[in-house]
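My plan was to look up the fold first, then side-chain pairs, then the surface.

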Amino acid sequence: MTAKDQQVNGTHYKEMAIQPSEFIVRNKLGWYEGNAVKYICRHKAKGGKVDLEKAIHYLQLAIEEYYPE
């Protein structure tokens, strides 16, 4: 068994057709974008509204980092 085959604390990622970690790595997403994807993917199965708020926060961080005014 590899680390990709395991999930610590829950099954909310393992039940997805494509795990967020694989999508993030294969598409070479950065820290902010990767975290936003992760929280968007899991909100219905784990954190609800709070996970969507976390995703928004990471997107706000990305905007401030990449597109400063």
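Helices here are DSSP runs of H or I with at least four residues, numbered from the N terminus. I keep that numbering throughout. The model is predicted.

**Entry 1: the fold.** I counted elements first. The protein has three helices and zero strands. Read from the N terminus, the order is α-α-α. Of its 69 residues, 26% are buried. The accessible surface is about 5,500 Å², and carbon and sulfur atoms account for 57% of that. I also checked contacts between residues at least 6 apart in sequence. Of these, 34% join residues at least 24 apart.

**Entry 2: salt bridges.** I searched the whole structure and got three.

I took Glu-53 and Lys-49 to begin with. Their side chains form a salt bridge at 3.9 Å, N to O. The cut-off is 4 Å, so the pair counts. Both residues sit in helix H3, four residues apart, which is about one turn of the helix. Lys-49 is exposed at 65% relative accessible area. Glu-53 is partly exposed at 42%.

Next came Glu-22 and Arg-26. The closest N and O atoms of this salt bridge are 3.2 Å apart. The two residues are four apart in helix H1, so about one helical turn separates them. Arg-26 is exposed, with a relative accessible area of 63%. Glu-22 has 33% relative accessibility, so I logged Glu-22 as partly exposed.

Then I looked up Arg-42 and Asp-51. Here the closest N and O atoms of the salt bridge are 2.7 Å apart. Are these two residues buried or exposed? Arg-42 has 11% relative accessibility and counts as buried. Asp-51 has 1%, so Asp-51 is buried as well. The limit I used for buried is under 20%.

**Entry 3: aromatic pairs.** A pair of rings is described by the distance of the centres and the angle of the planes, so I noted both. The search of the whole structure gave two pairs.

Tyr-32 and Tyr-66 pair edge-to-face, with 6.2 Å between centres and 65° between planes. Which parts of the chain does this pair link? Tyr-32 is in helix H2 (residues 31–42) and Tyr-66 is in helix H3 (residues 49–66), distant parts of the chain, 34 residues apart. Tyr-66 is partly exposed at 41% relative accessible area.

Tyr-39 and Tyr-58 have ring centres 6.1 Å apart and planes at 15°, so I logged the pair as stacked. The cut-off for stacked is under 30 degrees. Tyr-39 belongs to helix H2 and Tyr-58 to helix H3, so this pair ties together parts 19 residues apart in sequence. Both Tyr-39 and Tyr-58 are buried.

**Entry 4: a surface patch.** Which residues make the nonpolar surface patch? Ile-18, Phe-23 and Leu-29 do, over about 260 Å². Phe-23 lies in helix H1 (residues 20–26). At 37% relative accessible area, Phe-23 is partly exposed. Patch residues must have over 30%, so Phe-23 passes that test.

I marked two pairs as links between helix H2 and helix H3: Tyr-32 with Tyr-66, and Tyr-39 with Tyr-58.

Definitions and conventions. Residues are numbered from 1 along each chain as its sequence is written. This is a predicted model: local features need pLDDT of at least 70, side-chain atom pairs count only at pLDDT 80 or more; totals for chains, interfaces and linings use all residues. Side-chain values use heavy atoms; hydrogens and water are left out. Rings of Phe, Tyr and Trp (its six-membered ring) pair if their centres lie within 6.5 Å; planes under 30 degrees apart count as stacked, over 60 as edge-to-face and the rest as tilted. Buried means under 20% relative accessible area, exposed over 50%, partly exposed in between (1.4 Å probe, protein chains only). Patches are made of residues with over 30% relative accessible area and no salt bridge: like charges are joined within 9 Å, nonpolar side chains (Val, Leu, Ile, Met, Phe, Trp, Tyr) within 5 Å. Accessible areas come from the Shrake-Rupley method with a 1.4 Å probe; for residues, only the protein chains shown count as cover. Contact means heavy atoms within 4.5 Å.
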